[in-house]
Amino acid sequence: MIDESLIKIALTLESQEDVFQYLSELVVKEGYAKEASEVLKALKDREAEGSTGMMDGFAIPHAKSSTITKPGVALLKLAAGINWESMDGKPTQYIVALFIPETEAGTTHLKLLSQLARLLMKDDFKKAFEAAQTPPELKALLEDKLSS
């Protein structure tokens with residue numbers, strides 16, 4: 001589920017809206033969804049329920065939609081932090097986004113989300129994520145941690 005084509009580093013995006021737009025277009029371009037506008041709506045609808053901004057510069061936005069054709073995880077490292085209404089009030093720079101087909105909403109979605117939330121509480125994981133410089137490094141880190 002971790003695909004290097006969904007891992008982007010040093011992105012210059014100015015706002016949460018820009019991040020959602022970028023992610024929506026990326027998952028369509030890479031074959032994970034059919035309609036960018038539907039993915040965008042799903043991301044915004046979920047965010048309206050409560051911020052996905054975590055601590056220490058991380059956010060885990062997620063979308064469930066019938067337009068999403070296969071589950072995927074996108075990893076973005078922004079060039080600079082942006083406002084995200086995070087739990088600690090700090091700017092968000094690291095995005096771990098989940099895209100889940102509606103048919104898998106209760107299973108894949110919850111399992112992945114809980115694994116990611118637990119990882120983001122571990123300082124060693126956050127430091128390794130921040131230190132990773134390339135998509136292959138980030139992919140290897142996530143695959144290693146999500147499988148253990």
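## Aromatic pairs

Rings of Phe, Tyr and Trp (its six-membered ring) are said to pair if their centres lie within 6.5 Å; planes under 30 degrees apart make the pair stacked, over 60 edge-to-face, and the rest tilted. Under this rule, 5 aromatic pairs are counted. One of them joins Phe58 and Phe129 edge-to-face, at 5.2 Å centre to centre and with 70° between the planes. Phe58 belongs to strand β2 (residues 58-59) and Phe129 to helix α4 (residues 123-131), so this pair ties together parts that are 71 residues apart in sequence. Helices (H or I, at least four residues) and strands (E, at least two) are DSSP runs numbered from the N terminus.

Phe129 also pairs with Phe125, this time in a tilted arrangement: 6.0 Å centre to centre, 55° between the planes. These two residues, Phe125 and Phe129, are 4 residues apart in helix α4, which puts about one helical turn between them. Ring pairs link Phe58, Tyr94, Phe125 and Phe129 into a cluster.

## How the rings are covered

Phe58 has 0% relative accessibility and counts as buried. Phe129 is likewise buried, at 0%, and Phe125 is buried at 2%.

## A charge over a ring

Now to another ring: Lys70 lies over the face of Tyr32, 4.5 Å from the ring centre. A charge sits over a ring if NZ of Lys or CZ of Arg is within 6 Å of the ring centre and within 35 degrees of the ring normal.

## The whole protein

Stepping back, the protein has 5 helices and 5 strands, which follow the pattern β-α-α-β-β-β-β-α-α-α along the sequence. Of the 148 residues, 47% are buried. Among contacts (heavy atoms within 4.5 Å) between residues at least 6 apart in sequence, 67% join residues at least 24 apart.

## About the model

This is a predicted model, in which local features need pLDDT of at least 70 and side-chain atom pairs count only at pLDDT 80 or more, while totals for chains, interfaces and linings use all residues. Residues are numbered from 1 along each chain as its sequence is written, and side-chain values use heavy atoms, with hydrogens and water left out.

Technical notes. Buried < 20%, exposed > 50% of the residue type's maximum accessible area, 1.4 Å probe, protein only.
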